[in-house]
Amino acid sequence: MFQNYHNIRDTAKHFTRLSTLNPFVVLLYRYCHIVSKVGIDLQKPPTTACKCVGIFWDLDNKPPNSIPPFDAAIRLKNAVSLFGVVRCMIAYANSHAFSYVPQVVREQRKERKLLNQLENNGVIKPESYLCRVCGRRFYTNEKFVNHFKQIHEREQKKRLNQIESARGKRRADLVVKYTMKMEKYKRAARDVLTPKVGYGLADELKRAGFFVKTVPDKPEAADIALRDHMVDMMDKRRIDCLVLVSDDSDFVEVLREAKLRCLKTVVVGDINDGALKRVADANFSWRDILMGKAKKEAVSVSGKWKDHDILKRLEWRYNPEVEKNAYDLCGERENADMNGISSDDAGYPQREDDGAWWELDSSDSDVTS
């Protein structure tokens, strides 16, 4: 124990001496201390093949019907993040896609209604339902939902009305005051209340970080808007890898344009022999995304892309201008030798003496003697 104390004291004295000599030592010590605490490895090279990745989701063609939208979006983002840093996540659809309720969700709602009837009749005695806003417990789901609507939903509407009616500093103060309560209500309402329209597709995707855009109910309106957005991102050079979630063959030309601009292309769809997957550099199915197989395959695909980029840098390429200049220079030298033109006239360096190569100068003979 005393030995450790002396070691610490000696280290502190040494540090104070260095700091008096050079104040930069203090900043360097603090930076290295922070790096060691956080666990940042400055020597570790990046492990991704692409810098920026963009996800473009065609919800009209490929909605997440099998699992909840939030889980689908998070799994998709985690799988694609192995190709690079996900910079943008875009989703387009018309109003019909957001109002549609999948068959799986319909069956779950029917089962919930049946369980509510059994609980009210006393046939089933489930565990108590806990309200995550006020902490009260209820022994039937119907009473729990009524309590949530009559008390907490009304309180939420009052808060929103107060914020909307206020102006200036008072509005900012109300937002700060009710932020925690509003977030707590939103987290609890996801599991309690049933969405009035659809099954909460847009809200769940926004919660996962997607930019969700609703387009007019016209034929191929979502495809045109999504295609224009992808071209705009390519023109601005904001992405290096384009991930398309769709099976629509109308996006083939966009993928070809992306490959001509040296972008990596990835397609997520269920059609194995689709036109998109034949054009893209890599492809996955929704089953691979949900089961986690896409993560393992993404690692190997990213490694192949790295190897391909390295080999592409090392390979020799024919440059016609450089080769032509080199060929003309060699031809001039050969013509000059064949025509008997001296090297001085041709512009090439020549020895100063005109004697034979085996004859030595007087200076050289003196040196040898």
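## A positive surface patch

Lys149, Arg154, Lys157, Lys158 and Lys196 form a positive surface patch. A patch joins like charges within 9 Å, from residues with over 30% relative accessible area and no salt bridge; Lys and Arg count as positive. Lys157 lies in helix α6, residues 141-165. Lys157 has a relative accessible area of 48%, so it counts as partly exposed (buried is under 20%, exposed over 50%, partly exposed in between, with a 1.4 Å probe and protein chains only).

## Basis of the model

This is a predicted model, in which local features need pLDDT of at least 70 and side-chain atom pairs count only at pLDDT 80 or more, while totals for chains, interfaces and linings use all residues. Residues are numbered from 1 along each chain as its sequence is written, and side-chain values use heavy atoms, leaving out hydrogens and water.

## Salt bridges

The whole structure holds 13 salt bridges (a side-chain nitrogen of Lys or Arg within 4 Å of a carboxyl oxygen of Asp or Glu). In one of them, Arg112 meets Glu119 at 3.3 Å, N to O. Arg112 is partly exposed at 28% relative accessibility, whereas Glu119 is buried at 8%.

Arg261 forms a salt bridge with Asp235, with the closest N and O atoms 2.6 Å apart. This pair links distant parts of the chain, 26 residues apart: Arg261 is in the loop between α10 and β7, and Asp235 is in helix α9. Arg261 also meets Glu257 in a salt bridge of 2.9 Å, N to O.

Terms used:
Patch = residues over 30% accessible without salt bridge, like charges linked within 9 Å, V, L, I, M, F, W, Y side chains within 5 Å. Areas by Shrake-Rupley, 256 points an atom, 1.4 Å probe, with all protein chains shown as cover. Charge placed at Lys NZ, Arg CZ, Asp CG, Glu CD. Helix = DSSP H or I, 4+ residues; strand = E, 2+ residues; numbered from the N terminus.
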